[in-house]
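Welcome, and thanks for taking a look at this one. Please open the sequence and the model side by side before reading on.

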Amino acid sequence: MNILIVEDESRIAKRIERMTRDILGNTIQSLRHINTLQGAMESIGKGSLDLVLLDLNLNGENGFDMLKSAVSESFHTIVISAYRDQAITAFEYGVLDFVPKPFNQDRLEQALKRTITNEKTEPNETKFLAVKKRQKIQLIPIEDLIYIKGAGAYTELFLTDGSKELHDKSLEKLEQLLSPIFERIHKSYLVNMSEVKEIIVKSGSKYMAELNNGEIIPIGRTKYKEIKAKWV
Amino acid sequence: MNLKAFNLLILVSSLLLVTSCSQSPVFKEHETVYKIGDQEAWASKNWNDQNWKGRITQMQAGQVFWSRTQIDILKTPEPLRPYGLRLEVYGEYEVFWDGVLIGKNGNPGQEAELPPEGKLWTTFGIPTHLSDAGKHVLALRTSLLYFPDHTKIHELDIDYYDDLFSDDLVENAYMHIYAGAFLIVSLYFLFLFLSNRQAYSTLIFSICCFLVFALTLTVFSKEYIPMHYSLHVIRLQVLSSFLLGISFLIPFYFSKQFPYPKRKPLLIVYAGILIMVFLVKHQAFDFTAVSMGLGMWIFSFGIVSFGAYNNARGARLTLLTLLLTLVIYFVTSFVISLYAGLGLILLSMLYLLTLQRKSERLAYENSLVQSTRLRLELLKKNIQPHFLMNTLTSLMDWVEESPKKGVLFIEALAKEFDLFNQIEDRTLIPIAQEIELCRTHLEIMEYRKEVSYIWEQEGIDPNENIPPAILHTLLENGITHSLPLEDNTIRFKLVFESNDDFKSYTFLTFAAGVNKATHNNEEGTGIKYIKARLTESYGSKWNFTSKATDDGWKNEIMIYS
């Protein structure tokens, strides 16, 4: 795992680093610490990270722009901040967890465990997905999302207006961030269940979901029973 | 004071003035003719006075002369209601009506020998049998010791004897109420001034009200304060002086309310013109009064127009009031427009004063709110999450990793809290206390940031005071926005300089990677706090600059003496 700590308080950065090493042990490939916003932006842009632990207030600067670009990347972001009132906004942007300062090792462990166990985020408050678009970050409201299709390391977001956007996060990571109304009906599809009109059973135990816009999406054989029990 | 009631009072009194002057007369007065000499027969109704002159020239002081005035009574009086004759004539005289002596005012011809006797304003009854409708003759046997060139009947009125008195009584009553109102207002604003000696507008207004009171009282006390004609000039001089004062003070007041360029020279010129008018035609009292009144109106109008042009508060209403007084002047007489106009103008001045007091009160309330806000901001410094939570996180770490150091950290924190507690409700604190606060803060930040902070100071005068936590705020900014130098230090230096004109605190940060963008961005709450504190303690006599230097940052606080 490649981890980046963005924190301008030296003592706290060391604490995070020490605890992270304790918790994740030798799953860590690299662990770096950066204390300026600019340096952090550069590191994030280079990619190859798996997790960023981010303080939102660096040297008196507002870190929300930085948060926007962090959440648009493939890695998960955990915010560690002194401002508890920023938690809601952070979750809306789609962070994996928000660790308020002061924190102990247990709290940090709880947050870090989510990256390993693929546990869903607790409040499920994610309201936007940040998408990189021509050097800019665009926030796409969750309610505009019909379904998401996995495409290798990245994903395709299919929106209500018929358009399609690319996201750098994997389907697994997005499933973790999005509310339970998004159901993984197939290994390559994450669908907003309120957009599903009906489930079609075809010959040969093939199952399909027909969406409100007429599109038809396959349902995984193994997933069918679970979905039927939950949604029908 | 209830403005509406006051307004109504002025309206009523001016209406009464108008009505009392507009009753249809019961007589018609013909030209008065004069002759020097003394013959009893000149009193008779049918004496041929065709060779008498319209005016007397070259008369010796105290010499007896006669005047004859033909009067047409237009209406025979009602039964049991005799007519009376009201006179304002200079001199001591005997009054003959159709040859009959109906009264005596002093001792004509014996003025030099006898002490002054008689009044300037007199009223005589006209015998009923001599007041039928038709031609009559009023003859006066007069001597004029004091103003021999003033042979003139200044006022002549014939009406029902009772009405002559009761009309005056009513008019006087209202004018005394009018004057009394201004006396009370004058005293009230005088007391207000005494309780706040800076409020010169209140004093000017108070004096204006008093002068109007004095003017009115002097004019309308003639009915019950008998006065010999020899004193009349003094009375007129007193009246003119009151009017002079009013004529200067009203535009002066407006000048204070609606400032305009070159105020002082213009006011001096205006005062010069007024004094010239007052002195040059000193004996022509009516001319003086009208000129001064008009001068006052024109100058005030100019000032208020300028105020209205600049959208000054209350200027429009004042301008309207001034225009209204002009209308009153054209519609009625000078005397009526004088009192009605002065009343209205003073009312508008009162209105301006109320506006001024209102804005002062708002400013004061604002300053109270501001002080409370600053106090809260100071208190918040130590509990705002960025400081508190980061400190506590570091503290947890120190306690876990090195408890002894953790204890020292807690002690430093306790000290800073204690210092904040001491200065929390102060607007100025000794500089030594402020420096201690800064040093303690650096101690805390060293535990958090693990940067070596160096504090230097130069030329500090321990007797100086400074608003609380302003250097602390600069220090916080310095820590937040900069990165340590290569040897892991950030150096702060406070330099104090003072001379007769100003005191200055220069606060320097020596660091790497000062974040100019955020430093320069819109004014942060810290800088706002500093500016608000400086305003609170020094008004506008301060200056604050903050800029990047080659090796860090430079803040400068100048406090002017």
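In which sense do strand E4 and E7 of chain B pair, and over how many bridges? Strand E4 (residues 92–97) of chain B and E7(B) pair in the antiparallel sense, over six bridges. Do keep in mind that this is a predicted model.

**Strand pairing in chain B**
- Within the pairing of E4(B) and E7(B), B:Trp97 has B:Leu138 as its bridge partner.
- E7(B), which spans residues 134–143, is also joined to strand E2 (residues 64–73) of chain B by 10 bridges, and these two strands run antiparallel.
- In E7(B), B:Leu140 is the residue that stands opposite B:Ser67.

**Helix H7 of chain B**
- Helix H7 (residues 315–331) of chain B counts 17 residues, and its first and last C-alpha atoms are 24 Å apart, close to the 24 Å expected at 1.5 Å a residue.
- Its buried residues are B:Ala315, B:Thr318, B:Thr321, B:Leu322 and B:Thr325.
- These lie on the same side of H7(B) because they cover an arc of only 120° around the axis.
- The buried residues of H7(B) pack against helix H6 (285–309) and helix H8 (334–380) of chain B.
- Exposed on the other side of H7(B) are B:Leu323, B:Val327, B:Phe330 and B:Val331.

**Contact between chains A and B**
- Chain B brings 17 residues to the contact and chain A brings 15 residues.
- On the chain B side, helix H9 (385–401), helix H11 (431–449) and helix H12 (470–481) each give two or more residues.
- H9(B) provides the largest share of that side, nine residues.
- By class, the side of chain B that touches chain A holds five nonpolar, eight polar and four charged residues.

How values were computed
Residues are numbered from 1 along each chain as its sequence is written. Chains are lettered from A and ligands numbered from 1 in the order in which they are written. This is a predicted model: local features need pLDDT of at least 70, side-chain atom pairs count only at pLDDT 80 or more; totals for chains, interfaces and linings use all residues. Two residues are in contact if their C-beta atoms, placed from the backbone, lie within 7 Å. Helices (H or I, at least four residues) and strands (E, at least two) are DSSP runs, numbered from the N terminus. Ala, Val, Leu, Ile, Met, Phe, Trp, Tyr, Cys and Pro count as nonpolar, Asp, Glu, Lys and Arg as charged, and the others, Gly among them, as polar. Two strands pair if DSSP finds at least two bridges between them. The expected span of a helix is 1.5 Å times one less than its number of residues. A residue is buried if 20 or more other C-beta atoms lie within 10 Å of its own, exposed if 12 or fewer, and partly exposed in between; C-beta atoms are placed from the backbone. The arc is that of the directions from the helix axis to the C-beta atoms.
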